[in-house]
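Got a protein model open and wondering where its labels come from? Let's take a few of them one at a time.

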Amino acid sequence: MLSCPVCRGPLVLQGRTFRCASGHAFDRAREGYVDLLPVGHGRSGIRGDTAAMSRARRRFLGRGHYDPLVRRIAARVREHVDRAAQPRPPAVAEAGCGVGHYIGALANTLPDDAALFGFDVSRDALRLAARLHPRVTFAVNDLKHRLCLTDASLDALLDVFAPRNAAEFRRVLRPDGLLLVVIPGERHMAELRDRLPLLGIEPDKRERTLEQLAPAFEAAWEETPEWEAELAGEDVADLVGMTPSAHHLPGGDLASGDPARVTLSFRLIGFAAAPPLSD
Ligand SMILES: [Zn+2]
């Protein structure tokens, strides 16, 4: 289901190399991911997570603080796949997957023959992801430009705190496919925002997300899991360190993380492909 970033033809894995019919070839890195950003193809300017952000993310998520969110995502995807009841194995991808925590968790929820893909622009993140989640195929890909998947190949696509590309998301999903978007809830990390100069959450984030995905998609359902977590000092430092706010804080603020009770708040939005506009 992976497609060639040069000619868009399907890629086939031969040994350690993905090849298309036109002879373009992409080797798997030693760590197991494949780089589908060919030389000469500029990035759109998305920087992706740095190595330090990816390590903070892996530590924080690895301690289970987002598990209630992971369970809701897995339940929604499983429900969708079960309802579709296709005769072929399900295929699910995550756009902007970072260290692969959410798509990796689906390996435990979906049937063993499910095809799982994770895309991110950050090689540092995918190095970690590929080691942690061997069942998932990870590819370096600039999703603002193009998703390296063939047309209508996916049953479900996850986008968790990641950039979005409505046209590409629509192209790679099957007509009855699920697009599951997760954005921060309004009270996410509120206690830390009071204390540290973190980037704010845009109050109209939900509306902007709906606008961004229209007219290709329309929201089918929403849920807003929220809970309070007792975080140790190292958790607070990692939670802040894995966000884009880490770029804006002097190093000292991260090192001096104090224990805190912190609200973790999310909005899951399930999108279905909107019917084509008739004339
Ligand atoms: Zn090609």
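Q: What makes the site of the zinc ion tetrahedral?
A: This is a predicted model, and the angles among the four donor atoms come out at 99 to 118°. Four donors count as tetrahedral if all angles lie between 85 and 135 degrees, so the site of the zinc ion gets that name.

Q: Which atoms are the protein donors of the zinc ion, and how do you know that they count?
A: They're C4 (SG), C7 (SG), C20 (SG) and H24 (ND1), lying 2.1 to 2.3 Å from the zinc ion. The cut-off for N, O and S atoms here is within 2.8 Å of the metal, so these qualify as donors. Along the chain, the donors follow the spacing C-x2-C-x12-C-x3-H. C4 sits in the segment before β1 (12-14) and H24 in the loop between β2 (17-19) and β3 (25-27), so the pair ties together parts that are 20 residues apart in sequence.

Q: Is H24 buried, exposed or partly exposed, and why?
A: H24 has 25% relative accessibility.

Q: What makes strand β8 (residues 154-160) largely enclosed?
A: Seven of its seven residues are buried, so the rest of the structure largely encloses β8.

Q: How do you know that β8 and strand β9 (residues 173-184) pair?
A: Pairing takes at least two bridges, and β8 and β9 have six, in the parallel sense. For instance, A156 has L178 in β9 as its bridge partner.

Definitions and conventions: Residues are numbered from 1 along each chain as its sequence is written. This is a predicted model: local features need pLDDT of at least 70, side-chain atom pairs count only at pLDDT 80 or more; totals for chains, interfaces and linings use all residues. Side-chain values use heavy atoms; hydrogens and water are left out. Buried means under 20% relative accessible area, exposed over 50%, partly exposed in between (1.4 Å probe, protein chains only). Helices (H or I, at least four residues) and strands (E, at least two) are DSSP runs, numbered from the N terminus. Donors are N, O and S atoms within 2.8 Å of the metal (3.2 Å for Na, K and Ca); water is not among the atoms, so sites may look incomplete. Four donors count as tetrahedral if all angles lie between 85 and 135 degrees; four count as square planar and six as octahedral if opposite donors are over 155 degrees apart and all others between 65 and 115; anything else is irregular.
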